[in-house]
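Subject: Structure handover

Hello,

I am passing on the structure we spoke about, with notes on what was found in it. Please look through it first and then read on.

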Amino acid sequence: MSVLLQYLVTGVSRGFLFALLATGFVVIYRVTKVVNFAQGAFVVLGGFIAYSLLGAGVPQGLSEVLAVLASAAIGLLFGVVTLLGRMSTIASLITTIGLALLSEAIAMLVWGTTPLTYSGLSGHDLRFGGIFVQPQYLLLIGVSFVVLASLWLLLDRTYVGKAMTACASNPYAARLTGINVKAMGLLSFAIGGALGGVGGVLIMPLFPITYDSDVNLAILGFAAAIVGSLTSPTLALAGGLIFGIAEELVAGYWSQANETAVALGLMILLLLWQSQRRQQAAKLI
Amino acid sequence: MNGTGAATAPILSVDGLVVRYGAAIALEDVSLEVGRGEMVALIGANGAGKTTLLNTLSGILTPSAGTIRCAGRLAHVPEGRELFFDLCVDDNLRLGAWKASSRDPARIYELFPKLRDLSRRKAGYLSGGEQQMVAIGRALMAGPDVLAIDELSQGLAPIVVQEIGRYLVRLNAETGLSVLLVEQNARLALELCARAYVLETGRVATHGPSALLRDEPAVRSAYLGGHVTT
């Protein structure tokens, strides 16, 4: 029982990481119709930058905030490259994969190939119903939740958020009303970068990261985003939690080697189910 | 200044406008004027260049020659309404004020009382006539001096078109808003507007008071179906 509880806590924390990634996919896709496969790079670079700042003696909190800001700037830069000119959706998707590979190469050159980690929130492990939980897990869950909730409020309740939705809904009409569609797209990339950065600085003390962790992270984040059809932040959160918990249970009760395979199998089932539903909906019309 | 009628300086004047799509010429030497508080129709068949002209006026397209002078703000109601379907009526209206100072849609609800009850409804779920009201309302939220409307009647029942036409005429009379009405339905356009331009394959074929154009044989046969019974 306590083992299961332990897996659940770890799974929920991993789930929030995937949810941060998934929400990055969603925010960028909603505004620009680009599927940004460089989403995992924001986690890796954000975490690594925090690691280096800590190594240079910058206080922990400040290092992490600066790393998130740097990730937002990297996101913005990726947005500038991806939204350059008028690329087709498929061309921009390939561009994001190229950017992911490029940032992997840069990460390898700067930080090497060994897994990196740093210590997170200090303090005693907290006791919950027979299990011990590191405070960092709670920090990851709490901060991610607050970040995702404020982002949802930004998108759903503010004028700028609605303008971002308007760009996704009808870019031509958005231009007619004077909204700068390109600037909104860049803003969405910066938000995607910041979300990845938040995930990176929070996860690194719990799970060491290597320069090439981004591929797995991007795939799992994408899988979670698919749950919300790449457009719903709330369903992306649900998807993140499903994949996080499933991954931990598979790793715990079966084998760690199978966790990604099972997650991807789940994603394919979800995609099949969604296309089936869409076909049925089409038949009704 | 009590600018009534076209006698004072026009609010919108287009002079020698040329617009190309690559090698193809969409507009060739188009000139027209809209006076302060005037309702002007622009009629013509499909592909005559009407939408190109409006997209150029609102800055979506760049002309290769000619000048556009607008002594105020121009708002564009696009062909096919082009609403933000995922957003509610209220949000559609508020976003129209992106570059304006006031985001309060109260005045739009006064003009189209029907929309007040639909304010929380997603724009994609409205009828064609309601969508056209939202599209006009959204453009009005920009606080324009000239309203350019592309294909007001497209896809709408005649009775709905009549209703929206009456709103426009009232708006024009009460606020002095200038209107450039682009229409394939020439009969409607000539009825609502005092003056009209006829656009044919990118050129202004003829223009003048609607009452005179209605009787021109070329206009009658080409745009009014030839056998006018009224």
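The lining of the largest pocket, sorted by class, holds nine nonpolar, eight polar and four charged residues. Please keep in mind that this is a predicted model.

That pocket has a volume of about 680 Å³. Its lining consists of 21 residues, and those nearest the centre are Thr32(A), Gly85(A), Arg86(A), Pro171(A) and Val181(A). Five helices of chain A give two or more residues each to this lining: H1 (2–32), H4 (89–111), H6 (159–169), H7 (171–176) and H8 (181–203). H8(A) supplies the largest share, with three residues.

The second largest pocket holds about 570 Å³ of space. Its lining is made of 18 residues. Nearest the centre are Arg30(A) and Thr165(A) from chain A, together with Asp86(B), Leu87(B) and Lys122(B) from chain B. The elements that contribute two or more residues here are helix H5 (135–157) and H6, both of chain A. By class, this lining has eight nonpolar, two polar and eight charged residues.

Next, a pair of helices in chain A. Two packed helices are described by the angle between their axes and the distance between the axes. For H5(A) and H8(A), the axes come within 9 Å and cross at roughly 170 degrees. An angle over 145 degrees counts as roughly antiparallel, and H5(A) and H8(A) are therefore roughly antiparallel to each other.

The residues that make this contact are as follows:

- From H5(A): Gln136(A), Leu139(A), Leu140(A), Val143(A), Ser144(A), Val147(A), Leu148(A), Leu151(A) and Leu154(A).
- From H8(A): Ile191(A), Leu195(A), Val198(A), Val201(A), Leu202(A) and Ile203(A).

Sorted by class, the contact between H5(A) and H8(A) has 13 nonpolar residues, two polar ones and no charged ones.

Chain A has 11 helices and two strands. Read from the N terminus, its elements follow the order α-α-α-α-β-β-α-α-α-α-α-α-α. Along the principal axes, the C-alpha atoms of chain A fill a box of roughly 55 × 50 × 35 Å. The radius of gyration of chain A is 19 Å, which agrees with the value near 19 Å that a compact globule of 285 residues would have.

Chain B contains nine helices and nine strands. Its radius of gyration is 17 Å, close to the 17 Å that the globule rule gives for 230 residues, so chain B is as compact as a globular protein of that length. The C-alpha trace of chain B spans about 45 × 40 × 40 Å along its principal axes.

Regards

Technical notes: Residues are numbered from 1 along each chain as its sequence is written. Chains are lettered from A and ligands numbered from 1 in the order in which they are written. This is a predicted model: local features need pLDDT of at least 70, side-chain atom pairs count only at pLDDT 80 or more; totals for chains, interfaces and linings use all residues. Side-chain values use heavy atoms; hydrogens and water are left out. On a 1 Å grid over the protein atoms alone, a cavity is a set of points where a 1.4 Å probe fits but cannot get out, and a pocket is an open set with protein on both sides within 12 Å along at least five of seven lines; lining residues have an atom within 4 Å of a point. Grid points are joined across faces, edges and corners, and a volume is the space filled by probe spheres set on the points. Helices (H or I, at least four residues) and strands (E, at least two) are DSSP runs, numbered from the N terminus. Ala, Val, Leu, Ile, Met, Phe, Trp, Tyr, Cys and Pro count as nonpolar, Asp, Glu, Lys and Arg as charged, and the others, Gly among them, as polar. Axes are lines fitted to C-alpha atoms, for helices over the stretch in contact, and angles run from 0 to 180 degrees between N-to-C directions. Angles under 35 degrees count as roughly parallel, over 145 as roughly antiparallel, 65 to 115 as roughly perpendicular and the rest as oblique. Contact means heavy atoms within 4.5 Å. The radius of gyration is taken over C-alpha atoms; the globule rule is 2.2 Å times the number of residues to the power 0.38.
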